[in-house]
Amino acid sequence: MSIREIITLPNSILRKKARKVRAFTPELQMLIDDMIETMREAPGVGLAAPQVNVSQRVIVIEFAEPSDDEEPAPKLYVLINPEIVRHSKETTTDQEGCLSVPGYVGEVDRFSTLTVKGRNRHGKPVRIKAKDWLARILQHEIDHLDGVLYIDRANQVWRLEELEQQANEAGAASEAI
Ligand code: NI
């Protein structure tokens, strides 16, 4: 496994529609392992293949859903060719950032709940029902596969520096996806 370089704007690969994965090859397995390691090292809670300069429909997410446990265990999701198959009408507004748009954070409306289907790393069909932050991360990562960045959807975008100067915002936007 190795850590790959995370590309940032204005690299045009971030704006391309990524290709569907058709074969579950050893190269794909290596890409997935590298993406997991790269996401952890960043650190981030999600990463899409175009962010490591590979225009294929692959995303990884590692996120601990809030629970009654004091330290909920993070869960790893690897999704190939993910698609949103249903979503709530209701949306939730929150702040998000992106490893490919360093130094900024934005306020984005996302569907509150959704169902995503795709394949796991071995090609088996999977379906994920998600809400809240996991739903947000999935939407953010699937957007990356279509060349869409959160700044395209944001109601407002701030420089992280400015935000950090506002003491009441401390702790916000600590997770980059
Ligand atoms: Ni991102």
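The legends below describe close-up views of a predicted model. Local features need pLDDT of at least 70 and side-chain atom pairs count only at pLDDT 80 or more, while totals for chains, interfaces and linings use all residues. Residues are numbered from 1 along each chain as its sequence is written, and side-chain values use heavy atoms, without hydrogens and water.

**View 1. A patch of positive charge on the surface is formed by K20, R22, R86, K117, R119, R127 and K129.** Patch residues have over 30% relative accessible area and no salt bridge, like charges being joined within 9 Å; areas are Shrake-Rupley values with a 1.4 Å probe. Charges are placed at NZ of Lys and CZ of Arg. Strands β6 (113-119) and β7 (125-131) each supply at least two patch residues; strands are DSSP runs of E, at least two residues, and helices runs of H or I, at least four. K129, in β7, is exposed at 72% relative accessibility (exposed, over 50%; buried, under 20%; partly exposed, in between).

**View 2. D152 and R15 form a salt bridge (Lys or Arg side-chain nitrogen within 4 Å of an Asp or Glu carboxyl oxygen).** The closest N and O atoms are 2.7 Å apart. D152 lies in helix α3 (residues 150-153) and R15 in the segment before α1 (26-41), so the pair ties together parts 137 residues apart in sequence. D152 is partly exposed at 43%, as is R15 at 38%.

**View 3. D146 forms a salt bridge with K17 at a closest N and O distance of 3.1 Å.** D146 is in the loop between α2 (132-145) and α3, and K17 in the segment before α1, so this pair joins parts 129 residues apart in sequence. K17 is exposed at 60%, whereas D146 is partly exposed at 30%.

**View 4. Salt bridges link E96, R110, R136, D143 and R153 in a network.** The salt-bridge count is 12.

Conventions. Patches are made of residues with over 30% relative accessible area and no salt bridge: like charges are joined within 9 Å, nonpolar side chains (Val, Leu, Ile, Met, Phe, Trp, Tyr) within 5 Å. Lys and Arg count as positive and Asp and Glu as negative; His and the chain ends are not counted. Buried means under 20% relative accessible area, exposed over 50%, partly exposed in between (1.4 Å probe, protein chains only).
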